[in-house]
Amino acid sequence: MDFTPSHRALELTEAVREFVTDEIAPLEPQIHADIARRRLAGEDSWAVDPRLVELQGRAREQGLWNLFLPAGQEGPYAERYGTRGGAGLSNTDYAPIAEEMGRSFLAPLVFNCNAPDTGNMEVLLKYGSQEQRDRWLDPLLDGRIRSAFLMTEPDVASSDASTMAATARVDGDEVVLDGRKWWSTGVGHPDCEVGIFMGVTDPEAHRYQRHSMVLVPMDAPGVTVERMLTAQGVHDEPLGHGEVSLEGVRLPVSNIIAGPGRASEIAQGRLGPGRVHHCMRLIGLAEMALDLACRRASSRVAFGKPIVNLGGNRERLAESRIAIDQARLLVLHAAWKLDTVGEAAVEVSAIKAAVPAMAQKVIDMAIQLHGGGGMSDDHPLAGAYATARSLRLADGPDEVHLGVVARAMLAPYRDAATTGSGR
């Protein structure tokens, strides 16, 4: 196994680190504070801050744009909207870049590398028709529009997609969408113009061939954003997570991605790299929390001593350092296997279970060292905790991913028992 990033990836990682430190970090606290102020004043807290637009422009000028573009699938889009050098990156090369972005809440959006847009763009790159790419992929890569992913539902256990109630019924040359979705990330952004909707097309088909993914213009008749949700009190502007109803939404059948019944196949192709991205950003988030914890513990005095020398805090900091480094290696292994084998379902499930739990624990430790301030908006830790906790549910709950790992781990024992060769 070789996790060594390429020379180009090293250069991009350093460039992203410098941009986050020099350009984003000085502005980010005030941007968040202004969003909170507008919300409390009853003003529009979802409006895009002009400083964010300026940061996006500077990032693009420096070639720090669409860094997620996967090697081998970017085609002409990298030439028009890509990064330095034009070509896409491997998962292993992108991993440390995503980690640097994870240290900032705004950085993924600044670099046009934020979820769910990256996953949606990868779907269009890999499965979209030329018509679909022309209409939606080009403006997404250009940053002119944003997108949402509409899969989770409020009335069923969405960890099991076979229970999905929303429908995408083919009617002649149209597809008719009905259902209610929630935790639809991205629908709060004022530039969100398209969503990828997943619904049942043929309930009698094999469980992995029942569903379709459909591109839905958010202004189509019958599409309504009912409300924006909070995650542990956090709205997550300017993207947000919303509840969306679709009632008799009629669209051309050409809006179905790759054809009816292929949603499960597309979902697996979308979620593997996307989970690596999520996990590497969480590594960066945990690093940010650990850095703040070390600064606080070294500078804050209680009972006549720096608090780093009280109550086992040195051990807690050391354990956090070890946990982050372990998690990083686990994610790099999953990225390497995706690059070399092309399939890493067990490894991706392992990181999806391990990394958010690790990040949540590290951030909780940092909150504890900050005292009451750690629970407030005076520090970014409360929002970081909400992010880590929510990602133990997003893209599948822990239990589903642990089940995948356990099934693969126990398969040899089951086979041995079946053949009578066990001891």
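Reader: Hi! Which residue does Asp-49 meet in a salt bridge, and at what N to O distance?
Author: The side chain of Asp-49 meets that of Arg-51, at 2.8 Å from N to O. A salt bridge here is a side-chain nitrogen of Lys or Arg within 4 Å of a carboxyl oxygen of Asp or Glu. This is a predicted model, where local features need pLDDT of at least 70 and side-chain atom pairs count only at pLDDT 80 or more, while totals for chains, interfaces and linings use all residues. Residues are numbered from 1 along each chain as its sequence is written, and side-chain values use heavy atoms, with hydrogens and water left out.

Reader: Thanks! Is Asp-49 buried or exposed? And what about Arg-51?
Author: Asp-49 counts as buried because its relative accessibility is 8%, and Arg-51 is partly exposed at 23%. Buried means under 20% relative accessible area, exposed means over 50%, and partly exposed is in between (1.4 Å probe, protein chains only).

Reader: How many salt bridges are there in the structure?
Author: There are 27. Some residues are linked in a network of them: Glu-99, Glu-287, Arg-321, Asp-325 and Arg-328.

Reader: And what does Asp-160 pair with?
Author: Asp-160 and Arg-207 form a salt bridge through their side chains, 3.4 Å from N to O. That pair links distant parts of the chain, 47 residues apart: Asp-160 is in the loop between S1 and strand S2 (167-171), and Arg-207 is in the loop between S4 and strand S5 (211-217). Helices (H or I, at least four residues) and strands (E, at least two) are DSSP runs, numbered from the N terminus. Asp-160 is partly exposed at 30%, and Arg-207 is partly exposed at 39%.

Reader: How far along the helix are Arg-295 and Asp-291 from one another?
Author: They are separated by about one helical turn, because they are four residues apart in helix H9 (residues 263-299). Arg-295 is exposed, with 56% relative accessible area, whereas Asp-291 is partly exposed at 33%.

Reader: Switching to strands: why is S1 largely enclosed?
Author: Five of the five residues of S1 (residues 146-150) are buried, so the strand is largely enclosed by the rest of the structure. Arg-146, Ala-148 and Leu-150 point one way, with Ser-147 and Phe-149 pointing the other way. In a regular strand the side chains alternate between the two faces of the sheet.

Reader: Which strand does S1 pair with, and in what sense?
Author: S1 pairs with S4 (residues 192-200) in the parallel sense, over five bridges. Pairing requires DSSP to find at least two bridges between the strands. Ala-148 has Gly-195 as its bridge partner in S4.

Reader: What about helix H7, how many of its residues are buried?
Author: Ten of the eleven, so H7 is largely enclosed by the rest of the structure. Leu-124 is in this helix, which spans residues 117-127, and is buried with a relative accessible area of 1%. Beyond its neighbours within four places in sequence, Leu-124 is in contact with Gln-132, Arg-133, Trp-136, Leu-137, Leu-140 and Leu-215; contact means heavy atoms within 4.5 Å.

Reader: What is the phi of Gln-232, and of Asp-236?
Author: Gln-232 has a positive phi of about 50° without being a glycine, and Asp-236, also not a glycine, has a positive phi of about 65°. Most residues other than glycine have a negative phi, and most peptide bonds are trans. Gln-232 lies in the loop between S6 and S7, and Asp-236 lies in the loop between S6 and S7 too. Gln-232 is exposed at 54%, and Asp-236 is partly exposed at 35%.

Reader: Last one: how many disulfides turn up?
Author: Zero, from a search of the whole structure, where a disulfide is a pair of cysteine sulfur atoms within 2.5 Å. The sulfur closest to that of Cys-113 among the cysteines is in Cys-279, 17 Å away, which is too far for a bond. Cys-113 counts as buried because its relative accessibility is 0%.
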